[in-house]
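Colleague: I have a few things to check in this model. Can we start with the ligand and go on from there?

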Amino acid sequence: MAVITTIDDLKRLHKRRTPKMFYDYCESGSWSEQTFRENTSDFDLIRLRQRVAVDMSNRSTASQMIGEEVALPLALAPVGLTGMQRADGEIKAARAAETFGVPFTLSTMSICSIEDVAEHTRKPFWFQLYVMRDEEFVDGIIERAKRAGCSALVLTLDLQILGQRHKDLKNGLTAPPRLTLPVMADLATKWRWGLEMLRTERKTFRNIVGHAKGIDTMDSLNEWTAAQFDPRLDWEKIRQIKRKWGGKIILKGVLDVEDAKMAAEVGCDAIVVSNHGGRQLDGALSSIRMLPGILRAVGDRVEVLLDSGIRSGQDVLKALALGADGVMIGRAYIHGLGAMGEAGVTTALEIIRKELDTTMALCGKRDVADLDRSVLLVPEDFEGRWA
Ligand SMILES: Cc1cc2nc3c(=O)[nH]c(=O)nc-3n(C[C@H](O)[C@H](O)[C@H](O)COP(=O)(O)O)c2cc1C
C-alpha cells in the first residue's frame, strides 16, 4: 500500500473501499457545491509568515475546549451514518478520539446509539441533537445523553430542512442500502466493507429505531425523518432545550454575525461557525471567511469554534491564528475511517497534528495558545465587500 501522508491519500482509499452511495454522501455539498468548494479554497487564500532563529524546542499543541483538556484544540464533528462508512464506525471513531485525547461528537442520525458508544468508551463524549417535532423523543434522547455521561450537548441549528444533495437522490441513499442491481454490482468490489457489515448488528439508525414511537422498520424511519425535523425551531425553543439539558451546550451552524449575537445572548458555552460543510445553503460564504466578523462581535463572550473545509493541520493553524478557540473536522476523519477503520481515524488525527506542529514551528511559535494574526498574511479583502 502506498505511504499515507495526507488526508487526500485517505480520501482516495476511502473511495476505493466504501460503497459509492456512502462515499458520495460524504463527499458532496448541496446544489452546485459552490460553498462546499469555497470552504476549502478560501483557506488557500491565507498565507503564512516564515520566521527564523526562534527557539522551537518544547512545542505544545495541548489546549482546552469548553474547559476540557485536549491534545489539540480539535473535535470530531457529528457525522450522520458514520456506521455505514465502516461497520460500527461511530464506536471506532470515538475510540480513536478518546485514545488521541480529543472530543468525539455523536450525531442524532448515527448508526451506533448513544448507549453503544458509551459501552465501548471510557471518557465522556459530546452528543449532537437535531430538534424534532416529537417532543417525547427529544426529551427522551436528552435524558439518554445525560445517563450516558455526555459532557456537552451540540445543538445543530442549520438543518431543520434539508439542502438538496443531488448525488444522494440519484444513488437512492438508504441505511442499510437497498440491494438493487447497481448497488449489488458496487458491493461486489467492496468485499472488506461487506464482510465487516455482516458481522455487526448495527445497520440502521439505532438512536431512533426502538426509541421513537411507531418506528420499527426502515420504511417508517424514512418517513419519520422527513416529517420530524422541526422547522419551527427558534431562539425560545433553544432556550427550552438548554434548560432541559442543564449542562454545557454548543450551538452549531452559526454563520451570521446577528445569529452569533443571539447565540451569545441565549447563553452557550461555545458556538460553531459552520455551514454544515457546504451541505445546506449553497451560495453561503465559507466559514473561514465569516470567522473574523463573528469573532469581533462575540469572541469575548463565548468560545468560538469553526468547521467546514479543514483538511490539514495548516488549515487548523489558520483558523486558530485568526482567533478561533478550536475547530471541528468532519470529512477529514471520515476519510480515515472509510480507508482504514479506527486506525484510519488515528492516522487522520496524527497527520493533522504533525502538520499543525511543524507549521507552528516554522512560523516561529511553540504553543498553540501563542498563535495569532502575526503568523498570517491575510489578503486585505479576505472578508469581502458584500452589499
Ligand atoms: C457525511 C456528513 C454527515 C453529516 N451529518 C451531520 C449530522 O448528523 N449532524 C450535524 O450536526 N452535522 C453533520 N454534518 C456536518 C459536520 O458536523 C460538519 O459541520 C462538517 O462536516 C464540517 O465540514 P468538513 O466536512 O469540511 O470538515 C455532516 C457532515 C458530513 C460530511
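Colleague: How do the residues of the shell around the ligand divide into nonpolar, polar and charged?
Modeller: This is a predicted model. The shell splits into 9 nonpolar, 11 polar and 4 charged residues.

Colleague: Which residues come nearest to the ligand?
Modeller: Ala77, Gly80, Ser107, Gly277 and Gly330, out of the 24 residues around the ligand.

Colleague: And which helices supply at least two residues of that shell?
Modeller: Helix H2 (20–26) and helix H16 (331–362) each do.

Colleague: Switching to annotations. What does UniProt list for "active site"?
Modeller: The UniProt record, an unreviewed entry, gives His276. His276 sits in the loop between strand S9 (270–273) and helix H14 (287–298).

Colleague: Is His276 buried or exposed?
Modeller: His276 counts as buried, because it has 27 C-beta neighbours inside 10 Å, and the cut-off for buried is 20 or more.

Colleague: What is His276 in contact with, leaving aside neighbours within four places in sequence?
Modeller: Asp158, Leu159 and Gly253.

Colleague: Now the backbone. Where is there a cis peptide bond?
Modeller: Between Ala175 and Pro176, with omega about -5°. Pro176 is in the loop that runs from helix H8 (166–171) to helix H9 (181–187). Most peptide bonds are trans.

Colleague: How many C-beta atoms lie within 10 Å of Glu33?
Modeller: Glu33 has 18 others in that range, so Glu33 is partly exposed. Trp31 has 16 C-beta neighbours inside 10 Å and therefore also counts as partly exposed.

Colleague: Last topic, the largest nonpolar core. Which residues touch the most other members?
Modeller: Ile271, Val273 and Val327, in a core of 107 residues. H16 contributes the largest share of this core, 13 residues.

Colleague: What does Val327 contact, beyond four places in sequence?
Modeller: Val327 is in contact with Pro73 and Leu74, with Leu305, Leu306, Asp307 and Ile310, and with Val316 and Ala319.

Technical notes:
Residues are numbered from 1 along each chain as its sequence is written. This is a predicted model: local features need pLDDT of at least 70, side-chain atom pairs count only at pLDDT 80 or more; totals for chains, interfaces and linings use all residues. A residue is near a molecule or strand if its C-beta atom, placed from the backbone, lies within 6 Å of it. Helices (H or I, at least four residues) and strands (E, at least two) are DSSP runs, numbered from the N terminus. Ala, Val, Leu, Ile, Met, Phe, Trp, Tyr, Cys and Pro count as nonpolar, Asp, Glu, Lys and Arg as charged, and the others, Gly among them, as polar. A residue is buried if 20 or more other C-beta atoms lie within 10 Å of its own, exposed if 12 or fewer, and partly exposed in between; C-beta atoms are placed from the backbone. UniProt positions are given in the numbering used here, feature names are shortened, and annotations may be inferred rather than shown by experiment. Two residues are in contact if their C-beta atoms, placed from the backbone, lie within 7 Å. A nonpolar core is a set of buried Ala, Val, Leu, Ile, Met, Phe, Trp, Tyr and Cys residues joined through C-beta atoms within 7 Å.
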